[in-house]
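This report describes selected helix packing, sheet and interface features of the structure shown below. It then turns to the individual chains.

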Amino acid sequence: MAERYEIRFSGAGGQGLITAGIILAEAASIIEGKQAVQSQSYGPEARGGASKSEVIISDAPIDYPKATVVDACLAMTQEAADKYAVGIKDGGVLLLDDDMVPNTPEGDYKVIRIPIMRTAKEEIGREIVANVVALGAMIALTDVVSREAGETAVLNKVPEAFKDLNKKAFNLGFEKVKKLMN
Amino acid sequence: MAYDYDKSIRPGKLPHIWCPGCGHGIVMKGLIRAMDTCELDRDNTAIVSGIGCASRLPGYLDACTLHTAHGRAAAFATGVKMAKPEMNVIVCGGDGDGTAIGGNHFIHACRRNIDMTYVIMNNYIYGMTGGQFSPCTPTGDKASTTPYGNPDPIFDISKLAIGAGATFVARTTAFHATQIDKLITEGIKHKGLAVIEVLDDCPTTYGRRNKFRSVVDMMKRLKDISVPVAAASKMTAEQLEGKTLTGILHQEDKPEYTAMYKEVIKRAGGAA
Amino acid sequence: MAKKVALLQGNEACAHGALYAGCSFFGGYPITPSTEVAEVLSGELPKIGGKFIQMEDEIGAMASVIGASLTGAKALTATSGPGVSLKQELIGYACIAETPCVIINVMRGGPSTGMPTGPGQSDVMQAMWGTHGDHAAIALVPASCQEIFSETVRAFNLAEKYRMPVQVLYDEIVGHMREPVEFPEPGELEVIDRTAPSVGPEAYKPYDTSFGDVPPLAAFGSGYKYHVTGLNKAEDGFPTTKADLVDAEERRQISKVKNPTALADIESNEEYLTEDAEVIIWAYGSTARSSRYAVNELRKEGIKAGLFRPITLWPFPEKRTAELAKQAKAIVVPEMNLGQMILEVERVAMGACKIAGVHRVDGEPINPGQIIAQVKEVL
């Protein structure tokens, strides 16, 4: 199953992580024609507390629809990092919000830190687009879909009035990670 | 000349199952006369019932008849009316069927104000199962499951219907045979949920346990307790003690449910 | 022209499948994890002049669906375990009154309120035996969002063709996950409508067996006046207690589904690497997806594993299950319950091979590792 790639978005309920997962799955499946499955945790978690959304992307049909070993994980809160980084595979990547997750969970994976919430708040002026900043960062980090496909999927999802805002958020997230990786 | 009921009755379906002295047959004849007065096209009329003696009524009538499960008549009828609003929908059944097991469907049909006519025959008892107390059995009365007298308070069906939002509510009794078809006629003509409560008698399972010596006694009681709404307005509280109001108790114009849904279809850009 | 593809939740795919099949009436009551079916149809049905009604309770929802169906509408309800339990009496009504309708059950854990947002497969026996009295049942168990679309269409087809309620059961995992779903073009999937009467109103009998085991059904309000009841009835629709008529009616209602022609028409299975398999994983719904993953892993290790996946769960795929039991050394039955369909597998295998279950009811899916471990254990 080398072609199977698993991504987890985790954080607090209400941070838009389910939407981030849906957009990534749309970029992979609708735009790039790959196979994709998106799922999420339901219940009280979706209304606050730790929340997660998972996307599996593959060139072949996806059988088991839930995460097995996660290739890449985002954690927007300390609680989510502590709870969900556990499933990352050896050699995988963990993307953390630099301000919100002071303690890095231990594991055999690469850790990348960028200030996701702060970028949304200070550079764009809207905390609500933090999920799109995170999505841009995740795509830069994993290359699981192209930058263009990611941006198109974001723009397909948001109302006209918010397109510029979200385009900026996506690209800021993308570039911050690329800069760190170079 | 005698009224021609035969044209409305399905050939070969009589005699009915009701006991001698039961008022359900009087109500059925009233319903037939009302349907004739309103010139209802029986091809385009659904008569829906639940379970119980009164709910056997539709089977005798020549129309689209639907004898459903216990208590569910109003909900089946709602499905019929929603799917085909051009059909006339009449619901009939008893007090236990309509206000106990079917109470939820009854009040919500009233709340929606969906255009149906609900004829509810209140004989104060579960007759078909042998005389257990219903939500309408008077407190203190005897039923097969209240050997020491009924401890339960009762539902006033008409008040319940008014409270739940029915826009036409009328009450009469099996004694007042000629008023039955007049009120059902008004109910059918009314646009919205119409409830016609007919106080009825069950000599077999209610009468004999509650010291009614004959069907005539039961009919006399129905006559004695009835006070037309107009007359009641001139009576004192003492005079009205133990009496039941008859006639049209409530009538108002409010948007009807399937008409409201037509607006939903319009807003959605669909063609009805 | 490229076909429309959308990333849809299983529940959304179900709603679109229903529309494709010609559904024009939905009566429902909110319940997790099925509510998205109602939400989508509340928006889509009025666009085509269809009707959506949120009823006062689950029983009322089922009643409204049967009422609507009798006027000729293709009618749907969607619910989950507690709702299906409440609907059981009227599912039986639809059986005996032979009224086409489709019931979606998005399965969660249980009994009672259980775990509303967790997946389960513990309603599969209920789908067959939930309502009282003898009756036939058709239940379909899709495993992907695309298949939920197409099986919902097939459910309507079978309901209309055999004049009976058809249930579609899928668990919360498939109900809530999103996958790309390709919308078939009109005509691409078969859409079947109920057979209308070929005789005039005077000669019409709603249960006239001279037309076969599935008599034509007239719509209320189309010029045909007839009687429908939940009592045992004669061909004319009126109640009867005549022993021979009751017996014939009860038997026909089962034989209309279980005669060989109907069985061949209704049954649907998928097999994966079963030809040379020494161990069969017998699995349905989302558990079959874990099982397919397990088969691939086991094959890499040289273990000849194969997957048998019923898509029609009821009527039970007796013939093929029995054949596989003779062929294989063992059958492993993973299911998110404490052992339901395994009882049927055991019944038809008649001791021909070893049979072992993999069961889980903690709200988590059965993962491939658990299945692989059980396969190795049993061999």
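## Packing of two helices in chain C

In this predicted model, α1(C) passes α6(C) in a right-handed crossing. The contact is made on one side by Gly10(C), Ala13(C), Cys14(C), His16(C), Gly17(C), Ala18(C), Tyr20(C) and Ala21(C) of α1(C). From α6(C), the contributing residues are Cys145(C), Gln146(C), Ile148(C), Phe149(C), Ser150(C), Thr152(C), Val153(C), Phe156(C) and Asn157(C). By class, the residues of this contact comprise 10 nonpolar, seven polar and no charged.

The geometry of the pair can be stated as follows. Helix α1 of chain C covers residues 10-21 and helix α6 of chain C covers residues 145-162. Their axes come within 7 Å and cross at roughly 35°.

## Interface between chains B and C

The contact between these two chains involves 34 residues from chain C and 35 residues from chain B. On the side of chain C that touches chain B, at least two residues each are supplied by β2 (25-28), β3 (51-54), α3 (58-70), α4 (81-96) and β9 (227-229) of chain C. The element that gives the most to this side is α3(C), with nine residues. The residues of the side of chain C that touches chain B divide into 17 nonpolar, 11 polar and six charged.

Strand pairing also links the two chains. Strand β2 of chain B (residues 64-67) is joined to β9(C) by three bridges, and the two strands run parallel. Within β9(C), Val228(C) stands opposite Leu66(B).

## A sheet built from chains B and C

Which strands make up the open sheet, and in what order? Nine strands form it, in the order β9(B)-β10(B)-β7(B)-β8(B)-β4(B)-β3(B)-β1(B)-β2(B)-β9(C), with mixed pairing. The edges are β9 (226-228) of chain B and β9 of chain C; each has a single partner strand, so one side of each is left without a neighbour in the sheet. From one strand to the next, the twist averages 20°.

Strand β1 of chain B (residues 45-49) is joined to β2(B) by four bridges, and these strands run parallel. Here Ala46(B) stands opposite Cys64(B) in β2(B). Helix α2 of chain B (residues 73-83) lies across β1, β2, β3 (88-94) and β4 (117-122) of chain B. This helix runs at about 175° to β3(B).

## Overall dimensions of chains B and C

Chain B contains 11 helices and 10 strands. A compact globule of 272 residues would have a radius of gyration near 19 Å; the 18 Å of chain B therefore agrees with that expectation. The C-alpha trace of chain B spans about 60 × 45 × 40 Å along its principal axes. Of its 272 residues, 53% count as buried. Among the contacts in chain B with a separation of 6 or more, 65% are accounted for by residues 24 or more positions apart.

Chain C contains 13 helices and 15 strands. For 379 residues, a compact globule would have a radius of gyration near 21 Å; chain C has 21 Å, which agrees. The C-alpha trace of chain C spans about 70 × 45 × 45 Å along its principal axes. Buried residues make up 60% of the 379 residues in chain C. Among the contacts in chain C with a separation of 6 or more, residues 24 or more positions apart account for 75%.

How many residues of chain A are in contact with chain C? The contact involves 15 residues of chain A and 17 residues of chain C. On the chain A side, the elements that give two or more residues are α1 (17-31) and β2 (35-40) of chain A. Of the elements on this side, α1(A) gives the most, with five residues. The residues of the side of chain A that touches chain C divide into eight nonpolar, four polar and three charged.

Helix α5 of chain A covers residues 147-157, and its buried residues are Ala149(A), Gly150(A), Glu151(A), Ala153(A) and Val154(A). What covers these buried residues of α5(A) includes α1, α4 (130-142) and α6 (163-181) of chain A.

Technical notes
Residues are numbered from 1 along each chain as its sequence is written. Chains are lettered from A and ligands numbered from 1 in the order in which they are written. This is a predicted model: local features need pLDDT of at least 70, side-chain atom pairs count only at pLDDT 80 or more; totals for chains, interfaces and linings use all residues. Axes are lines fitted to C-alpha atoms, for helices over the stretch in contact, and angles run from 0 to 180 degrees between N-to-C directions. A crossing is left-handed if the near helix is turned anticlockwise from the far one by less than a right angle, and right-handed if clockwise. Two residues are in contact if their C-beta atoms, placed from the backbone, lie within 7 Å. Ala, Val, Leu, Ile, Met, Phe, Trp, Tyr, Cys and Pro count as nonpolar, Asp, Glu, Lys and Arg as charged, and the others, Gly among them, as polar. Two strands pair if DSSP finds at least two bridges between them. The radius of gyration is taken over C-alpha atoms; the globule rule is 2.2 Å times the number of residues to the power 0.38. A residue is buried if 20 or more other C-beta atoms lie within 10 Å of its own, exposed if 12 or fewer, and partly exposed in between; C-beta atoms are placed from the backbone.
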